[in-house]
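Here's a quick walk through the model, with the cut-offs spelled out along the way. Have the viewer open as you read.

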Amino acid sequence: STAEVREMLSNFERDIDQTRATSNELTRQIHRQRVEQNSLIDKQTREVKRHSLLLAERNAYDAAVSDRDRFVREVSAREGVPLAGTQGGSTPISAAALDAFQNELKAHVAGVEGELRAL
């Protein structure tokens with residue numbers, strides 16, 4: 001009958017409307033999740049870049065300290081000025097050892113200058 005067909009069509013349209021509403025809600029949720037994911041990925045990318053920069057700075061610092069220590073050890077050996085508190089070439093030279101070395105080196109230079117003046 002026509003009434004049954006109308007009711008079936010009405011139910012079908014209601015089901016379609018509910019399906020559209022559900023689909024729209026799911027689309028919004030997916031979009032919201034993608035935005036959140038992209039935000040987290042961006043944050044993680046910034047952190048990785050920051051970490052890489054910090055690591056590069058640390059490596060540059062370590063290389064500079066190593067170059068400084070190698071130079072100090074070479075001068076110490078060449079000039080015969082003692083360098084206290086160091087073990088081999090791999091251990092960084094402490095600030096106290098550098099200060100003591102600087103004082104010893106100044107005294108050594110003053111002694112050499114005195115000898116040169118005496119000539």
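## Helix H2

Helix H2 covers residues 95-118, and its 24 residues reach 34 Å from first C-alpha to last, close to the 34 Å expected at 1.5 Å a residue. That expected span is 1.5 Å times one less than the number of residues. Helices here are DSSP runs (H or I, at least four residues), while strands are E runs of at least two, numbered from the N terminus.

This is a predicted model, where local features need pLDDT of at least 70 and side-chain atom pairs count only at pLDDT 80 or more, though totals for chains, interfaces and linings use all residues. Residues are numbered from 1 along each chain as its sequence is written, and side-chain values use heavy atoms, with hydrogens and water left out.

## Overall shape

The protein has 2 helices and 0 strands. Its C-alpha atoms fill a box of roughly 130 × 25 × 20 Å along the principal axes. The radius of gyration is 38 Å, whereas a compact globule of 119 residues would be near 14 Å; that is taken over C-alpha atoms, with the globule rule being 2.2 Å times the number of residues to the power 0.38.

Buried residues make up 10% of the 119 (buried is under 20% relative accessible area, exposed over 50%, partly exposed in between, with a 1.4 Å probe and protein chains only).

## The nonpolar core

In H2, Ala97, Leu98 and Phe101 are buried, and the buried residues of H2 pack against helix H1 (2-79). The largest nonpolar core has 8 residues: Val72, Val75, Val81, Leu83, Ile93, Ala97, Leu98 and Phe101. H1 and H2 are the elements giving it two or more residues, and H2 gives the most, with 3. A core here is a set of buried Ala, Val, Leu, Ile, Met, Phe, Trp, Tyr and Cys residues joined through side-chain atoms within 4.5 Å.

What does Leu83 touch? Leaving out residues up to four places away in sequence, Leu83 touches Val72, Arg73, Ser76, Ile93, Ala97 and Phe101 (contact means heavy atoms within 4.5 Å).

## Salt bridges

The structure holds 7 salt bridges, each a side-chain nitrogen of Lys or Arg within 4 Å of a carboxyl oxygen of Asp or Glu. Arg20 and Asp17 meet in one at 3.5 Å, N to O; both lie in H1, 3 residues apart, about one turn of the helix. Arg20 counts as exposed because its relative accessibility is 52%, and Asp17 is partly exposed at 46%.

Asp67 and Arg70 pair at 2.5 Å, N to O.
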